[in-house]
Amino acid sequence: MDKAQASRRRLLDAAAAEFAAHGIAGARVDRISADAKVSKAQMYAYHGSKEDLFDAVLSDQVDSILDTVPLTPDDLPGYAVRLYDAYLAGPQLVRLAIWARLERTPSGHLFSASDEEPKIQAISRAQEAGQVTRDLPAEDIHSMVIALAMTWSPASLTYAATTADPATDQQRHRDSLAATVRRAFAP
């Protein structure tokens with residue numbers, strides 16, 4: 001990785017932590033620049049504004065989770081559990097998505113429809129193959145599996161789990177999540 005790439009990586013990482021903690025309005029470019037060891041001028045050269053930097057951070061976080069937790073439409077329970085584990089290990093994405101909802105996109109799609117379409121098509125193919133119920137639209141199944149995986153995430157209205165929780169609790173969450181997704185979307 002060359003110096004410019006390393007600077008951009010540090011900037012995205014520092015900005016992710018800042019935005020996750022404070023949102024777009026509360027984030028401070030001075031803190032981001034200091035934490036990333038990148039000048040504000042360099043930060044603005046890479047990303048024209050604080051809002052553009054937030055968009056780049058959210059996109060980077062989404063790309064990261066897509067790489068680590070690819071959709072497996074033939075195993076939706078396993079996919080949901082892997083999402084749960086990813087949210088548990090790295091809660092920043094959930095926090096960033098919450099801030100995006102609060103400050104940027106209060107309704108409609110949070111991510112572009114073109115990003116979501118391949119996943120919906122994959123679920124549709126699993127429905128056609130008899131692996132997933134045909135009683136529900138594929139796009140709704142996709143949304144509900146993600147929502148179920150977030151049951152104990154920082155977006156939870158009941159309990160936000162952390163890696164410090166007992167392993168028995170974490171396993172109980174995984175088992176409950178897998179059983180619920182299996183029952184809800186079985187053919």
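1. A pocket here is an open set of points on a 1 Å grid over the protein atoms alone where a 1.4 Å probe fits, with protein on both sides within 12 Å along at least five of seven lines; lining residues have an atom within 4 Å of a point. This is a predicted model, in which local features need pLDDT of at least 70 and side-chain atom pairs count only at pLDDT 80 or more, while totals for chains, interfaces and linings use all residues. Residues are numbered from 1 along each chain as its sequence is written, and side-chain values use heavy atoms, without hydrogens and water.

2. The second largest pocket holds about 190 Å³ of space, a volume being the space filled by probe spheres set on grid points joined across faces, edges and corners. Helix 4 gives the largest share of its lining, seven residues; helices are DSSP runs (H or I, at least four residues) numbered from the N terminus. By class, this lining has seven nonpolar, three polar and four charged residues. Ala, Val, Leu, Ile, Met, Phe, Trp, Tyr, Cys and Pro count as nonpolar, Asp, Glu, Lys and Arg as charged, and the others, Gly among them, as polar.

3. The largest pocket has a volume of about 820 Å³. Of its 30 lining residues, L110, F111, E116, H142 and I146 lie nearest the centre. Two or more lining residues come from each of helix 4, helix 5, helix 6 (92-103), helix 7 (113-128) and helix 8. The lining comprises 19 nonpolar, four polar and seven charged residues.

4. There are two aromatic pairs, taken as rings of Phe, Tyr and Trp (its six-membered ring) with centres within 6.5 Å; planes under 30 degrees apart count as stacked, over 60 as edge-to-face and the rest as tilted. The ring centres of F19 and F54 are 5.2 Å apart and the planes stand at 90 degrees, so this pair is edge-to-face. F19 belongs to helix 1 (residues 3-26) and F54 to helix 4 (residues 50-68), so the pair ties together parts 35 residues apart in sequence. F19 and F54 are both buried (under 20% relative accessible area with a 1.4 Å probe, protein chains only; exposed is over 50%, partly exposed in between).

5. For Y84 and W152, centres 5.8 Å apart and planes at 85 degrees are found, so this pair is edge-to-face. Y84 lies in helix 5 (residues 76-89) and W152 in the loop between helix 8 (138-149) and helix 9 (167-185), 68 residues apart. Both Y84 and W152 are buried.

6. H47 sits in the loop between helix 3 (40-46) and helix 4. H47 is buried, at a relative accessible area of 17%. Beyond its neighbours within four places in sequence, H47 is in contact (heavy atoms within 4.5 Å) with L11, L12, D52, L53 and A56.
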